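Hello,

Here is the structure we talked about. Please have a look, then read my notes below.

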Amino acid sequence: MSSDVVTEPHILVLFYSRGGKTAELAETIADGILSVGGIDARLRTVPPLDGDAPAGDYLYCEPTDLASAAGLAMGSPTRFGTMAAPLKHWWEQTTPQWLNGDLVDKPACVFTSTSTLHGGQEATLLSMMLPLLHHGLVIAGTPYTEAELHTTESGGSPYGPTHWDKDRRPLSRDEMRLARAQGKRLARLALALANDRNGAPA
Ligand SMILES: Cc1cc2nc3c(=O)[nH]c(=O)nc-3n(C[C@H](O)[C@H](O)[C@H](O)COP(=O)(O)O)c2cc1C
């Protein structure tokens, strides 16, 4: 059935950030998403658990932002080798979306920031994928066809974009390029999978 109101699909860029570094990655991934065209990037954060304000001036994610997304990029600072508690807490309130299968067959990626080079980026990214797999999302990493993955001396990994937050420095050129490429890849996959869902027989 056709509708008079045509809304652009969106990718939900959902993240928690206290110091702003995960937010920088989120903004860069969003740039990559928007560069594809025909799909929006909706940046959202989650409430803190300790009353301290999260970085930036981002809206809190509403259930409808999640359920209606064509894809998901999820980011968190590494906290003792895994995602920050506010984000984990937020996911534990998504049982209705899980029961409804709202995220099944939609693409997702994960991203993180650490203060130390070997402080758990890959462990964090891999553990962040687990709830997304339960929700039926299709995980997309960063392929080694991205040249910077071979040369980076800061962040960036095949498991998803990362930042090495050494001395609060900004994203490196390699980190930025890899985050942007991940956004582009996610947007292309989201559009392709949305077309497939729309074309599939009921
Ligand atoms: C409670 C806590 C635990 C942390 N655990 C780690 C860790 O395991 N490895 C690491 O390298 N950095 C760790 N950090 C540092 C943050 O991951 C790092 O500063 C990150 O860039 C912050 O991201 P944000 O600016 O988006 O808040 C931790 C910070 C806090 C507050």
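What radius of gyration would a compact globule with 202 residues have, and what does the chain have? The globule would be near 17 Å; the chain has 16 Å, which agrees. Keep in mind that this is a predicted model.

Overall layout. The C-alpha trace spans about 55 × 40 × 30 Å along its principal axes. Seven helices and six strands make up the pattern β-α-β-α-β-α-α-β-α-β-α-β-α. Of the 202 residues, 48% count as buried. Among contacts between residues at least 6 apart in sequence, 75% join residues at least 24 apart. The chain exposes about 10100 Å², and carbon and sulfur atoms supply 54% of that.

The cores. The largest nonpolar core has 22 residues. Leu14, Leu72, Met74, Leu87, Trp91 and Leu132 have the most contacts inside it. E1, E3, H3 (85-91), E4 and H5 (121-134) each give it two or more residues. H5 supplies the largest share, four residues. A second, separate core has 21 residues, including Ile11, Ile39, Leu171 and Leu186. Leu72 is in contact with residues such as Leu14, Trp91 and Leu132, and also with Ile11 and Leu186.

Helix H7. This helix covers residues 173-199. At 1.5 Å a residue, its 27 residues should span 39 Å; the end C-alpha atoms are 39 Å apart, so the two agree. Its buried residues include Asp174, Glu175, Leu178, Gln182 and Leu186. Among the elements covering them are E1 (10-15), H1 (21-36), E3 (71-77) and E4 (107-114).

Best wishes

Key
Residues are numbered from 1 along each chain as its sequence is written. This is a predicted model: local features need pLDDT of at least 70, side-chain atom pairs count only at pLDDT 80 or more; totals for chains, interfaces and linings use all residues. Side-chain values use heavy atoms; hydrogens and water are left out. The expected span of a helix is 1.5 Å times one less than its number of residues. Buried means under 20% relative accessible area, exposed over 50%, partly exposed in between (1.4 Å probe, protein chains only). Contact means heavy atoms within 4.5 Å. A nonpolar core is a set of buried Ala, Val, Leu, Ile, Met, Phe, Trp, Tyr and Cys residues joined through side-chain atoms within 4.5 Å. The radius of gyration is taken over C-alpha atoms; the globule rule is 2.2 Å times the number of residues to the power 0.38. Accessible areas come from the Shrake-Rupley method with a 1.4 Å probe; for residues, only the protein chains shown count as cover. Lists of a residue's contacts leave out its neighbours within four places in sequence.
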